[in-house]
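Visitor: Could you walk me through this structure? I would like to begin with the aromatic residues and then move on to other topics.

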Amino acid sequence: MFRYILQRSLTYLVMVFITTTMGYFAAVTALKPALLEQEKVPKPSPEQVNRNFASLGLDPEMNPWDRYVQWLTNVVTKFDWGRSPNGAYINQEFGQRVWVSTRLLLVATILSIVIGIALGVYSAARQYKFSDRVITGYSYLVYIIPAPVAYFVVQQGATTINNIAVANGGEKIFYVTGISTPGLTGFWEITMDMAAHYVVPTFCMTIFGWAGYQIAQRQYLLDNVNADFVRTARAKGLTRNQAITRHALRVSFIPVAQSIAYQIPMIFAGAFFAETVFAWPGIGKWSIDSISAQDVNAATVTLAYGSALFAVGAIIADIATTIVDPRVRIS
């Protein structure tokens, strides 16, 4: 197992390196931060712009290959991913935003997986009954609603509840934007404030996130309910629910486990729409903003990060398959 994981890791490491290299050259070619400097008032001279960017390791007069060699050397020897056109350090900005995205997505992802799989099993065991139609109908409805619209509706609903509470002499119940209230002191006060800001985004992403798992688990389970091995189990005296739980469920969970394996690393990748609607400064929103800001190093590090997460997900998927599928073994 260890040798297999090591081999796979080395393979994916090469893939991540190639992807990052290609992304860097694409960013250097397409993104021109010097052009944004020309929009400032007063307008700086080209010499001032070049001198400023040269001090940040973003010299526009260097050819792409020389810039790449300089950047790669710093990454390999110092793990220094460079600086942004505004002078910010990529390592620091990236680290802060990854933690924000992790806080935003961790609980919502876990709840979505658990609830989605549980509802998928529940609805499959009650195929075509009223509860199955309601649950599955909701899941398909969620699929056709764009994420920004869904998040905005929930946000407006929470805001309306706040307005009603305040109008009746109460206090605001839900926090719909931001990650915390500035100026607070004390551990418990800060902790409770962060939890309050966490409720609405987590609730929103959970109720709109379990649909995919529910549909997939239901469909895979129904594909195995009438299989020969399930009928054999029932012929031996097991009830329908016992046969599903002990035999069909494990087989149907194999493809779902693989999708979950890819989803787990994405907890750290951020969610652009959620971060934008709820004003959480996470990695997803930062990756999009970096392109608007013509930030070569930020765009490259987010690409490398996404490639690395995909590689981790692929390895977890392989391991998960060997755990849940007795027919597959890694020698």
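**Aromatic pairs, helix contacts and loops**

Guide: Phe187 is exposed, and so is Trp188. Please keep in mind that the model is predicted.

Visitor: How are the rings of Phe187 and Trp188 arranged as an aromatic pair?

Guide: Phe187 and Trp188 form an edge-to-face pair, with 5.2 Å centre to centre and 75° between the planes. A pair of aromatic rings is described by the distance of the centres and the angle of the planes.

Visitor: How many aromatic pairs does the count come to?

Guide: The count comes to 16 aromatic pairs. Among them is the pair of Trp65 and Tyr68, which is tilted, with 5.8 Å centre to centre and 40° between the planes.

Visitor: How many residues apart are Trp65 and Tyr68 in helix H4?

Guide: They are 3 residues apart in helix H4, so about one helical turn separates Trp65 from Tyr68.

Visitor: And is each of them buried or exposed?

Guide: Trp65 counts as exposed because its relative accessibility is 53%, and the cut-off for exposed is over 50%. Tyr68 counts as buried because its relative accessibility is 5%, and buried means under 20%.

Visitor: Which residues form an aromatic cluster with Trp65 and Tyr68?

Guide: Tyr24, Phe25, Trp71, Phe79 and Trp81 form one aromatic cluster together with Trp65 and Tyr68.

Visitor: Let us turn to helix packing. At what angle do the axes of H1 and H4 cross?

Guide: The axes of helix H1, residues 2–30, and helix H4, residues 64–78, cross at roughly 130° and come within 10 Å. H1 and H4 are therefore oblique to each other. Their crossing is right-handed.

Visitor: Which residues make that contact between H1 and H4?

Guide: On H1, the contact is made by Phe17, Thr20, Thr21, Tyr24, Phe25 and Val28. On H4, Pro64, Trp65, Arg67, Tyr68, Trp71 and Leu72 take part. By class, the contact of H1 with H4 has 9 nonpolar, 2 polar and 1 charged residues.

Visitor: What about H5 and H13: how do their axes cross?

Guide: The axes of helix H5, residues 90–125, and H13 come within 8 Å and cross at roughly 140°. H5 and H13 are therefore oblique to each other. From H5, the contact involves Ile90, Glu93, Phe94, Arg97, Val98 and Ser101; from H13, it involves Ile283, Gly284 and Trp286. By class, this contact of H5 with H13 has 5 nonpolar, 2 polar and 2 charged residues.

Visitor: Staying with H5, is Ser112 buried or exposed?

Guide: Ser112 lies in helix H5. Ser112 is buried, because its relative accessible area is 5%, under the 20% cut-off.

Visitor: Which residues does Ser112 touch, not counting those up to four places away in sequence?

Guide: With those set aside, Ser112 touches Met205, Thr206, Gly209, Trp210 and Tyr213.

Visitor: And what separates the C-alpha atoms of Ser112 and Asn297?

Guide: The C-alpha atoms of Ser112 and Asn297 are separated by 33 Å, and the two residues are 185 residues apart along the chain.

Visitor: Now for the backbone. What is the phi of Ala279?

Guide: Ala279 has a positive phi of about 55°, although it is not a glycine. Most residues other than glycine have a negative phi. Ala279 sits in the loop between helix H12 (272–277) and helix H13 (283–292). With a relative accessible area of 41%, Ala279 is partly exposed.

Visitor: What is the phi of Gln294, and where is its place?

Guide: Gln294 has a positive phi near 60°, in a residue other than glycine. Gln294 is in the loop between H13 and helix H14 (296–324). With a relative accessible area of 17%, Gln294 is buried.

Visitor: Lastly, the overall picture: how many helices and strands does the protein have?

Guide: The protein has 14 helices and 0 strands. Its C-alpha trace spans about 85 × 65 × 40 Å along the principal axes. Of the 331 residues, 40% count as buried.

Visitor: What share of the contacts joins residues at least 24 apart?

Guide: Among contacts between residues at least 6 apart in sequence, 72% join residues at least 24 apart.

Note on methods: Residues numbered from 1 in each chain as written. Predicted model: local features only at pLDDT ≥ 70, side-chain atom pairs only at ≥ 80, totals over all residues. Heavy atoms only, no water. Axes fitted to C-alpha atoms, helices over the stretch in contact; angles between N-to-C directions. Helix = DSSP H or I, 4+ residues; strand = E, 2+ residues; numbered from the N terminus. Parallel < 35°, antiparallel > 145°, perpendicular 65-115°, else oblique. Left-handed = near helix turned anticlockwise from the far one by under 90°. Contact = heavy atoms within 4.5 Å. Nonpolar A, V, L, I, M, F, W, Y, C, P; charged D, E, K, R; others polar. Phe/Tyr/Trp six-rings, centres within 6.5 Å; stacked < 30°, edge-to-face > 60°. Buried < 20%, exposed > 50% of the residue type's maximum accessible area, 1.4 Å probe, protein only.
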